[in-house]
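Student: Hi! I have a new structure open and I'd like to go through it with you. Can we take it step by step?

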Amino acid sequence: MTELPPTPPRVWAWLDPRPAASKGAGGGRGRRSSPMSWRWGDRLALVAAWSAGILLCAISASIVLYMGFRGIQYLRPGLLFSRPQASSDQAGSGGFLDPLIGTLLLTVIGIVLALPLALCSAVWITEYGQGGRVRNLLARVVESSIEIVAGTPDIVIAIFGLALFQQHLFAPFSFTAEGGGVYGNSFFAAGAMVSLLALPSVYAATRDGLLAVPGHQREAAFALGKTRITTIRRVLLPSVRSNIATGATLGISRIIGSTAIVLLLLGSTLRIETQGSFPGIDVLRGTGSTLTSYIYENSPAGEGGAPQKAYAAAFVLLLFVLALNLIVDRIGRAQASATGITPLGVVV
Amino acid sequence: MLERLKKPWPDHRAERLLGAVSLLIGVGVLAIVVFVASKALPIFQHNGLSWLLGGGDLEAEVNRMTAATTKPAAAVYHLRAWPLIYGTLLSSVIAVVLGLLIAILASVFIVELAPARVTRVVIPMVRLLASVPSVIYGLIGILVLVPFVGNHIITTHEKESVQNVVQLTGAGVGVTAVILTLMITPIMIALICEALGAVPQSWREGAVALGLNPLRAVRAVTLPAVRPAIVAAAVLAGARAFGEAVMIQMVSGGKYFSPKPIDGVVFFYEPFRTLASAIIDLRDGLDAPALGASIYAFALLLLFSAFVLSLTGYLVKLPLRKYQTRG
């Protein structure tokens with residue numbers, strides 16, 4: 001995950017919207033460089049840079065507008081509240097209540113598994129990771145492991161999850177056949193793997209927050225006789241709360257968009273099928289679908305030709321993504337008004 | 001017992017607990033490598049490294065694997081994966097080259113040229129482009145772009161020219177490369193913008209004071225300073241393109257076919273398949289031992305290349321550390 005710089009530096013007087021008087025010493029004096037006096041090559045490059053920026057905005061806007069148009073065209077409230085039916089005909093195949101619940105369930109499982117892991121490792125690396133050769137080595141191992149997890153394609157994570165949960169050791173966590181065959185498909189298996197998608201962003205956000213906490217805050221707590229762990233719990237973690245929230249939101253948006261893991265690890269049942277009889281656990285062990293797998297299966301690439309349902313579900317999914325983007329913006333802005341820095345993170 | 005847990009923890013116990021939880025991640029990474037490699041082993045035992053080469057009929061080989069019994073003969077394991085590797089390289093390289101061009105221009109625009117009011121609009125838009133799920137890109141591709149290209153751009157003459165080899169529907173290299181470019185450009189923009197923002201302001205001022213116009217200053221001073229970041233952006237975005245599975249499976253046409261550059265324009269309409277999209281396509285055949293092993297072999301190659309590319313990206317970015325004064 002990388003962040004765009006805070007408000008970008010600007011030296012170019014001719015594009016500065018502020019009046020000349022406010023530009024500081026000498027800023028308003030002298031001849032400005034006008035693009036009209038540049039050579040052709042430079043003018044061309046200027047136009048190319050502007051058009052690249054505008055092109056990206058136009059594409060992004062047209063994706064949202066197009067999906068919005070299709071969503072309004074095909075989304076009916078009934079679709080949100082009715083369960084999917086097996087049917088070859090679009091009119092009879094029901095709605096996507098189950099995929100919607102599946103997405104929410106998977107997000108909750110994924111983030112609940114990712115948060116403690118990411119917080120522990122971020123705290124351990126920033127607060128305990130120095131001093132001693134063994135400690136340095138272990139800290140490097142954990143850091144590079146997280147880098148590797150961040151760089152691993154989600155299809156590889158999915159296929160690893162399948163290999164892992166098909167082990168008989170993990171039979172209690174996944175969908176099992178009558179004869180004892182372990183499919184390795186379940187909400188738990190998929191949730192465990194999507195938590196790996198969210199892990200790096202939560203870790204990076206928390207670590208950056210902890211590194212930015214000034215040392216004297218820690219020293220003040222130590223001077224009051226607090227232990228390191230008490231300082232972490234009472235001073236450091238509360239002060240990086242908004243970083244954790246940003247990281248978690250970025251992680252959630254990766255989880256709800258993950259398709260490969262869901263296709264391989266959640267089974268291909270449209271409805272949520274339970275396994276076993278223990279309430280709660282039966283859903284975790286069972287299979288189901290999410291919005292992403294519902295879109296895939298209803299598109300021409302999947303089984304069915306129900307593009308209208310796919311559009312409607314994609315519209316709902318895009319609304320979630322937009323909402324999460326908005327939350328990240330809000331947290332960033334709140335942070336900015338508290339600290340004077342404007343983080344403009346790009347989800348990567 | 002509970003009373004003991006409620007009391008403030010001594011530091012050494014807290015440290016050990018946190019450390020143990022963190023090391024779980026290391027164990028997890030080790031498990032990924034071990035599991036995927038051990039499952040892929042049979043393929044490499046039977047094919048050796050010539051698995052990476054071409055020369056076979058991949059479709060027939062895969063069909064043979066799908067049809068094989070639970071104890072397949074050694075001949076069934078024969079597979080030459082080059083068409084998939086070629087497809088992966090092809091789509092990623094086109095996307096990285098196109099994306100790099102757009103990303104450099106857009107980053108210069110965002111950091112150096114655009115007024116603050118414009119930047120405030122552009123950055124959220126680019127971020128949105130990065131956070132659209134790949135299945136939505138795939139849906140737009142398969143329902144909008146592919147039919148459009150198939151019906152309006154490919155001429156009947158072009159369709160007839162390769163009729164006997166492959167059928168052109170619109171799904172293929174061109175559409176895939178365009179969408180893949182859109183998906184990886186925001187990653188490059190983020191990395192390049194970060195580096196541009198870290199270049200000392202005085203360098204720009206110096207260049208302008210010497211009489212360069214803003215664009216000349218960018219070309220002479222700022223861009224050379226962030227050259228490592230540009231290379232790192234290309235490498236890391238390439239890693240992302242390598243692993244993209246769902247979108248490519250939806251819009252690439254899904255044929256075991258190697259598009260031939262010699263075909264001219266038709267090349268961009270020819271279907272293909274990548275390592276990652278083949279995994280998605282063959283996912284129901286994992287129970288067949290030979291096919292399962294080759295799927296894990298595809299995953300192992302992806303894992304290996306992702307590892308190499310991340311490492312390259314990290315090493316290339318190292319020289320940039322000297323500019324990082326803030327944070």
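Tutor: Happy to! One term to begin with: two residues are in contact if their C-beta atoms, placed from the backbone, lie within 7 Å. Among contacts in chain A between residues at least 6 apart in sequence, 67% join residues at least 24 apart. Please keep in mind that this is a predicted model, where local features need pLDDT of at least 70 and side-chain atom pairs count only at pLDDT 80 or more, while totals for chains, interfaces and linings use all residues. Residues are numbered from 1 along each chain as its sequence is written, and chains are lettered from A and ligands numbered from 1 in the order in which they are written.

Student: Thanks. And what share of the contacts in chain B with a separation of 6 or more comes from residues 24 or more positions apart?

Tutor: In chain B that share is 81%.

Student: How many helices and strands are there in chain A?

Tutor: Chain A has 13 helices and 2 strands. Here helices (H or I, at least four residues) and strands (E, at least two) are DSSP runs, numbered from the N terminus.

Student: And how many in chain B?

Tutor: Chain B has 14 helices and 0 strands. Its C-alpha trace spans about 75 × 70 × 35 Å along the principal axes.

Student: What percentage of each chain counts as buried?

Tutor: For chain A it is 46% of 348 residues, and for chain B it is 51% of 327 residues. A residue is buried if 20 or more other C-beta atoms lie within 10 Å of its own, exposed if 12 or fewer, and partly exposed in between, with C-beta atoms placed from the backbone.

Student: Okay, new topic. How many residues of each chain are in contact across the two chains?

Tutor: On the chain B side there are 92 residues, in contact with 82 residues of chain A. Helix 2 of chain B, residues 11-47, gives the most to the chain B side, with 17 residues.

Student: How do the residues on that side of chain B divide by class?

Tutor: They divide into 67 nonpolar, 15 polar and 10 charged. Ala, Val, Leu, Ile, Met, Phe, Trp, Tyr, Cys and Pro count as nonpolar, Asp, Glu, Lys and Arg as charged, and the others, Gly among them, as polar.

Student: Which residues of helix 3 of chain A meet helix 2 of chain B?

Tutor: Among them are Leu117(A), Trp124(A) and Tyr128(A), and the residues they meet in helix 2 of chain B include Glu15(B), Leu18(B) and Ile25(B).

Student: What about helix 6 and helix 9 of chain A, how do they lie to each other?

Tutor: The axes of helix 6 (residues 187-212) and helix 9 (residues 241-257) of chain A come within 8 Å and cross at roughly 160°, so the two helices are roughly antiparallel. Val194(A) and Leu197(A) are among the residues on the helix 6 side, and Ile244(A) and Leu250(A) are among those on the helix 9 side. The contact has 11 nonpolar, 7 polar and 2 charged residues.

Student: Back to helix 3 of chain A. Is Pro99(A) buried or exposed?

Tutor: Pro99(A), in helix 3 of chain A, counts as buried, with 28 C-beta neighbours inside 10 Å. Not counting residues up to four places away in sequence, Pro99(A) touches Ser289(A), Thr290(A), Leu291(A), Tyr294(A) and Ala313(A).

Student: And Ser134(B), what is it in contact with?

Tutor: Ser134(B) sits in helix 6 of chain B, residues 134-153. Leaving aside neighbours within four places in sequence, Ser134(B) is in contact with residues including Gly257(A), Thr259(A) and Met183(B). Ser134(B) is buried, with 24 other C-beta atoms within 10 Å.

Student: Last one: how many residues are in the largest nonpolar core?

Tutor: It has 207 residues, and Ile159(A), Val36(B) and Ile192(B) have the most contacts inside it. A nonpolar core is a set of buried Ala, Val, Leu, Ile, Met, Phe, Trp, Tyr and Cys residues joined through C-beta atoms within 7 Å. Helix 8 of chain B, residues 173-198, gives the largest share of this core, 17 residues.

Definitions and conventions:
Axes fitted to C-alpha atoms, helices over the stretch in contact; angles between N-to-C directions. Parallel < 35°, antiparallel > 145°, perpendicular 65-115°, else oblique.
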